[in-house]
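Please read it alongside the sequence and coordinates.

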Amino acid sequence: MSIFYNNVPTELPNDYMSLADLAKWKNLPDQGVAIALNDKLIRREQWPVTQIQDMDRISVITAAFGG
C-alpha cells in the first residue's frame, strides 16, 4: 500500500495498518507527537482504530524543545 508520509511517497510494509501500527513502525515517541490523516488531526486514543487507506496523506508533527 502506498501513502504520502510527510509529503513523501512511502510504501507500507503491510496492507492493513492502523495509525498506531504506523507509529510503532516509524518508532515515533510515546509523547509529543501528533498525526494528521488527510489534513484532519486524529486523537491518540483513535490511532488503534483508524485504518490507513491506499494513497492517504499522513503528516506527523513532533514537538521541539529548546531555545
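Phe4 stands opposite Pro9 in strand 2, where strands are DSSP runs of E with at least two residues and helices are runs of H or I with at least four, both numbered from the N terminus. This is a predicted model, in which local features need pLDDT of at least 70 and side-chain atom pairs count only at pLDDT 80 or more, whereas totals for chains, interfaces and linings use all residues. Residues are numbered from 1 along each chain as its sequence is written, and side-chain values use heavy atoms, with hydrogens and water left out.

**Sheet**

Strand 1 (residues 2-5) and strand 2 (residues 8-11) run antiparallel and are joined by four bridges; two strands are taken to pair if DSSP finds at least two bridges between them. These two strands form a hairpin with two residues between them, and Asn6 in the turn has a positive phi of about 50 degrees.

Strand 1 pairs with strand 5 in the parallel sense over two bridges, and Tyr5 stands opposite Ile58 of strand 5. Strand 3 and strand 5, by contrast, run antiparallel and are joined by five bridges; along strand 5, Ala36 stands opposite Ser59, while the bridge partner of Ala34 is Ile61.

**Core**

The largest nonpolar core has 17 residues, and Ile35, Ile52 and Ile58 have the most contacts inside it. Such a core is a set of buried Ala, Val, Leu, Ile, Met, Phe, Trp, Tyr and Cys residues joined through side-chain atoms within 4.5 Å, buried meaning under 20% relative accessible area with a 1.4 Å probe and protein chains only. Strand 1, helix 1 (19-25), strand 3 (33-37) and strand 5 (57-62) each supply at least two residues of this core. Not counting residues up to four places away in sequence, Ile52 touches Met1, Ile3, Leu12, Met17, Ser18, Leu19, Leu22 and Ile58, a contact being heavy atoms within 4.5 Å.

**Charge over rings**

A charge sits over a ring if NZ of Lys or CZ of Arg is within 6 Å of the ring centre and within 35 degrees of the ring normal.

| Charged residue | Ring | Distance to ring centre |
|---|---|---|
| Lys26 | Tyr5 | 4.6 Å |
| Lys26 | Trp25 | 4.7 Å |

Terms used. Buried means under 20% relative accessible area, exposed over 50%, partly exposed in between (1.4 Å probe, protein chains only).
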